Amino acid sequence: MSCKVVSRPPSPRGRPSRHRRPSYSPPRPSENTIRRLVSTVGILFAESGNVHFMSGPSAAGIVFVPHTHWDREWYEPFQVFRFRLVEVLDEVLELAEREPAFRFTLDGQAAAIDDYLAIRPENAERVRALVSAGQLAIGPWYILLDEFLCSGETIVRNLQLGVSIAEGLGGAMKVGYLPDMFGHIAQMPQILAKTGRLHTALWRGVPGRVKEHAFLWRAPDGSSVRAEYLFDTYSNALDLFLLPERVREAVAEYASNTADRWATDPVLGMFGTDHMAPNPALLEWVQHVDQPEFPARIATLDEYVDMMPSPETLMVVEGELRSHVRGNILPGVLSIRRDLKVAMSASERLLFDAERLAASHSERDFSPFLDAAWRKVIESSAHDSVVGSGTDETVTQVAARLAEAGQIARAVRDGVIAEMATSVPQSMFVAFNALPFARVALAEVEVESSAHLGGISASANGTGLRTQLLDETNAVLADESFSASDLHRVANRIHRTELFGFEIESYTIEPGTLTFRLSSIARPGLFDLLGFRAELHQAAEAHPGRWRVLTLAGPRQRVLIELPIAGSSIVPVSLDPAAVTSDVDTVLDGVVAGSAGISNADVSAIVDTHGCLTITGSDGTVLSGVGRIVDGGDRGDSYNYGPPMYDRLIDEPVSVEVEVLESGPLRGRLRIRRTYRWPTDLDCNADRRGIDLVDVVVDMVVELRSHEDFVRLNVEFVNPSRSHRVRLHVPLGEHVPGSESEGQFAVTARGRESEGGWGEYPLPTYPADSFVSAGPVTVLLEHASEYEVVDSAGSRESELAITLLRAVGSISVNVHPLREEPAYAEVPIPGAQEIGSTVAVRAAILPSRAGWRAAGAVERASLFRSDVLISRGSAVGSAARRFRPGFEVSGRDVHVSSLRRVSGGVELRLVALSPSPACARVTGPFRSASPIDLLGNPGAAIDAMSGLEVELNPWEISSWLLQS
């Protein structure tokens, strides 16, 4: 066991962050705060209690935007917050109807009004009237999401749903409001612009070089929106009204102190905070502030933006916003509650599969089901939901919602499969490729055979397929003894023609012995249940005593098939269990696996004495020590990782075992079992790890397929410890200055340092969705994950560290080593310690010194995440029909984000994941195509009888409506 003592990074610098207040009204300030607020600075002076506003940049006045920031679920579950929401919006409606000058901005998310009207449906017309009159601003989002923990397509569907609901209630807000997200993705300006929203307003993540209250935010493709920067959070005007009798002094001081931001523009005063009801006195207070030389008014955020001049002269900020300089971005949410991240990705993939299969191969309308599933996914993407920073009760609800979404999607997917299986006889199988591009895949099937054979012959559309025998099962399902008087119980097990999940093919009744022979294939007319009962009754009476009941299923073999298959297509597969193949001799590029390692024609992985791998790629790239597991302490909380002052890192196992699970030739699998001794918890002072140790077994299954040039890893363990972090390390063999990771329609390059200066230490831990690339390696990921490029102890050689687990016990801690003040209260969340939970993480190592593009990471990430689906046919007959081609897309670095049936045709969304132009070719059952924006509004149709060629600019999102 190797133990290292390490010091924590230095304390955070700069002024403290404003933690989010969960209260309904702001706390009363101290006397010193009051004196500070009413002190005269700069452009005002006091005479006899009167305040005079002098001419100057701030003379444009101030615009107050009353609002509430509504966390739909967080430190309380959804239903508790909705109860409060209904009370708040009752007040909003009453106040707005009583005071025509009153305005209210409902946090940019339609879910709040949707949740309200579910309880108060009778108020829908009241809401519509206020929205139409411009007094109530709703949408455009459905939910205020975490932008890094869901797919780019989920972000688009979120915006589509929010706009649709808001438009149905009088109109959606034009500003793409993003008040409290924990940083912002690079492609958000393009997403907003392609829904007609040319403005946003945001707070966290803006770099320190921004000095004014607005900037031009540019996406990688060149799209841009005007961003209103909420310098002092979305609650900047709240403290100005702490002393209503002195509000003019407070407003004047704020305008003076921030004058450089506003130039000749009016000050934006965001009056509201988390879960806050409107203050009826606001109108009176604003009238008190309003003066000819310094006008004050109330407006919605849309109305404020409409006052702004053209943005041509604004500073340009490009790409993602993850600076800590003026606001905490709370990066620890990327790794807490890993099950929610796994569930989000799994639900999204099931939905993509269901939509693609239905669009290509079914005429049925599944939209009510799919819409319901998408809504649950979108609801779960909220920035206090999928991040896992809520109570255990809240997390349980989010997990259940995501599970329901996956269940609905799986039902639709399986419904399409069952529909197609009716065209294939029971003696065959039908395979489905949910990816829109051609691939060579492996599929597992179980078949019956007449003898124990060395292999099985397979073919698709008359072409022979390579196979690998995985295992054989015993023919005897049950060997039981019954008395003659109880023999009728056997008949009670039979349901029509089914027994033990199989079909009864035949039976024999001999004195004292009943034998069933079962099959997976139903053969109508072979079994008569009524006749069997009568025959069994007579036999039991004729032969009293003990009976042997033998249930045989025949020899069964589990077989792996290598299957070339076109994009979005369906292929019938035939298997001949009477033929023995020499598959080992014919697989020239096959996998060879042994206890020392595993290899194919492109890549090899050799096991070292520590249970790590030396991986050699097709280009000669060598990676040593891959798969090192590092366990260290974490005294932080759900928002921020917090290393103990004297941490103890454990990275060497006390024992290593290697077992060959599959030896090839199509697939090889090794299980490396390592046993470690980890501390069970932190010491009582939290700055050291405890002395009590517990054994933990970490299994790493290493998998290699014949046609793949990457090595799959499946790491699994049952967590025995509290307050710690476990990471998977991939040594890079050299010093690497940065990384690139895919996520939300972009591949983002990042350095080794983050910009700090606010209230949390800027750890360079970053998000990645489908892959992360650093130096000579690209790691393919199953779900959104946290990673960091670190230097090896005592060396300048870098390692890529991917977080497998971060276990903590509190939503927030008051004293945090890397954050200056609490993010919230110290609410216990024992479930976040993950004690007894099985941690299972899938990843793949793709060696490539030339980087992710040369390695084809965009396509390989999809291949890694998606397996071909296969099902037994259900038709009675001997011939399978040929299926029509599906929608197929080809093109390097082209990602298909959406392929689904919509009103009027099939929606296709393409993304160029490339810094250079890309070209996509689309074929399938369509005759014309129309470009559409992200809300589905079409342009002019073009002829596409011979397919569609789409030229994509770098990083462009391009949407189309395909019509037959």
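Is Cys 612 buried or exposed? Select Cys 612 and see: its relative accessibility is 5%, so it counts as buried (buried means under 20% relative accessible area, exposed over 50%, partly exposed in between, with a 1.4 Å probe and protein chains only). Now pick Cys 684, which is exposed at a relative accessible area of 79%. Taking a disulfide as a pair of cysteine sulfur atoms within 2.5 Å, the count is 0 disulfides.

A word on what you are looking at: this is a predicted model, in which local features need pLDDT of at least 70 and side-chain atom pairs count only at pLDDT 80 or more, while totals for chains, interfaces and linings use all residues. Residues are numbered from 1 along each chain as its sequence is written, and side-chain values use heavy atoms, with hydrogens and water left out.

**The cores**

Next, select Phe 64, Ile 113, Leu 136 and Phe 215. These are the residues with the most contacts inside the largest nonpolar core, which has 167 residues. A nonpolar core here is a set of buried Ala, Val, Leu, Ile, Met, Phe, Trp, Tyr and Cys residues joined through side-chain atoms within 4.5 Å. Colour helix α13 (residues 392-421) too: its 10 residues are the largest share of this core. (Helices, H or I of at least four residues, and strands, E of at least two, are DSSP runs numbered from the N terminus.) Then move to Val 607, Leu 704, Val 711 and Val 736, which are included in a second, separate core of 47 residues.

**An open sheet**

Show the strands from β26 to β30. They form an open sheet of 5 strands in the order β26-β27-β28-β29-β30, with antiparallel pairing; two strands pair if DSSP finds at least two bridges between them. Strands β26 (592-594) and β30 (622-626) are at the edges with a single partner strand each, so one side of each has no neighbour in the sheet. Zoom in on β27 (residues 597-599) and β28 (residues 604-607), an antiparallel pair with 3 bridges. Ser 599 has Ser 604 as its bridge partner in β28.

**Two buried polar residues**

Select Gln 160 in helix α5 (residues 152-168). Gln 160 counts as buried because its relative accessibility is 14%. Its side chain makes a polar contact of 3.2 Å with the side chain of Arg 900 (a pair of N or O atoms within 3.5 Å; within protein, one must be able to donate a hydrogen and the other to accept it, and residues adjacent in sequence count only if both atoms are side-chain atoms).

Now go to Ser 362, in the loop between α11 (338-361) and α12 (367-380). Ser 362 is buried, at 1% relative accessibility. A polar atom of its side chain lies 3.2 Å from the backbone nitrogen of Arg 364.

Most residues other than glycine have a negative phi, and most peptide bonds are trans. Ser 723, not a glycine, has a positive phi of about 50 degrees. Finish at Trp 955, where phi is positive and near 65 degrees; Trp 955 is buried at 10% relative accessible area.
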